[in-house]
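Here is a briefing on one helix packing and on the salt bridges of a predicted model. Look at the structure first, then read on.

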Amino acid sequence: MQEADSPSLLPDQQPVEIPAPPPRPFIVSVFLGPDGLRAGWRFALYLGMFLLLSAVLGALAKVAHPKTFPLMWRLLIGECVALTSALIPAVVMGKIEGRRFFEYGLPLQSAFGRLFWAGAAWGLAGLTLLLGIMRGAGVFYFGHVVLHGPRVIKFAVFYVVLFLIVAFFEEFWVRGYSLFTLTKGMGFWPAAVLLSLAFGAIHLGNKNEAITGAAAAAAIGFFLCLTLRRTGTLWFAVGFHAAWDWGETYLYSVPDSGLSMPGQLTQPSFQGKDWLTGGSVGPEGSVFVFVVVAILALIFHRLYREAKYLV
């Protein structure tokens, strides 16, 4: 038996060839990619809004509080301005990109949860290890308690609030929206290296900062990128950052990136070469900080093996 011929297609059933869309003009392709505005331009737009907003709010803050305000309160107000200037542009960019704000590294369901407290424990442990190594080398001495009475609680709470704001600002500004967006354009690790170097360079603007301290900030920043990659959120990094700064400024009362604050709990002392003690920078300027960061990174790599930050 012969097979039946397949039915022929009617004229209106013939396959239609869809012409390829015309290529975009070069100038358009510079700004637009497959997903809309290219990552580099989105980052530039975010950074521009941040700089504009921080300038405006900073000017208003200077009018509201004169230089006669205590340093502690001026620093707190300045960090609130910086945090606001980092968050509002991210909300705007989220609307433009069709994303929720919490996609940029701070999921609400994880707020102040297990990862945050784990990060805080790591931050205090890392700083204690650093100072312990310096004590063993004979270049640092913990000293004795000099703060008493209600002032112990008052300053402890103040610095908890201050350094939570500092941690939220610096982590979100550098490793929140910025890292998320640049990862879209160049991949996670190249973006992490770039932003960590920038994070270190920014610290050179601090009073009494030095190259070693800036390099240490970059190294710590890169470690915090690793924690983001392996935990999937910034909550560990926020806890680590806040606890490290609180431990430096209040608990152990040492300079933090070149800045010494009032209301310190103890009266420590340093003795030795600046490259060992950190000099005016504080412990972050000591070469021992690189040893500690390497130890922390190795332990963290062993404990948190799975990459959960997938953009």
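**Helix packing and salt bridges**

The axes of helix α5 (residues 150–175) and helix α9 (residues 235–251) approach within 8 Å and cross at roughly 140°. The model is predicted: local features need pLDDT of at least 70, side-chain atom pairs count only at pLDDT 80 or more, and totals for chains, interfaces and linings use all residues. Residues are numbered from 1 along each chain as its sequence is written, and side-chain values use heavy atoms, with hydrogens and water left out.

**α5 against α9**

- The crossing of α5 and α9 is right-handed (the near helix is turned clockwise from the far one by less than a right angle).
- On the α5 side, the contact (heavy atoms within 4.5 Å) includes Val152, Phe155, Tyr159, Phe163 and Glu171.
- On the α9 side, Trp235, His241, Asp245, Trp246 and Tyr250 are among the contact residues.
- By class, the contact of α5 with α9 has 16 nonpolar, two polar and three charged residues.
- Axes are lines fitted to C-alpha atoms, for helices over the stretch in contact, and angles run from 0 to 180 degrees between N-to-C directions.
- Helices are DSSP runs (H or I, at least four residues), numbered from the N terminus.

- Arg175 and Glu171 are four residues apart in helix α5, so about one helical turn separates them.
- Arg175 is buried, with a relative accessible area of 0%; buried means under 20%, exposed over 50% and partly exposed in between (1.4 Å probe, protein chains only).
- Glu171 is also buried, with a relative accessible area of 0%.

**Network around Glu97**

- Salt bridges that share partners join Arg42, Glu97 and Arg99 into one network.
- Arg42 and Glu97 meet through their side chains at 3.1 Å, N to O.
- Arg42 lies in helix α2 (residues 39–64) and Glu97 in helix α3 (residues 71–97), so this pair ties together parts 55 residues apart in sequence.
- Glu97 also forms a salt bridge with Arg99, with the closest N and O atoms 2.7 Å apart.
- Arg42 is buried at 8% relative accessible area, and Glu97 is buried at 18%.
- Arg99 is partly exposed, at 22%.

Notes: Helix = DSSP H or I, 4+ residues; strand = E, 2+ residues; numbered from the N terminus. Nonpolar A, V, L, I, M, F, W, Y, C, P; charged D, E, K, R; others polar. Salt bridge = Lys/Arg side-chain N within 4 Å of Asp/Glu carboxyl O.
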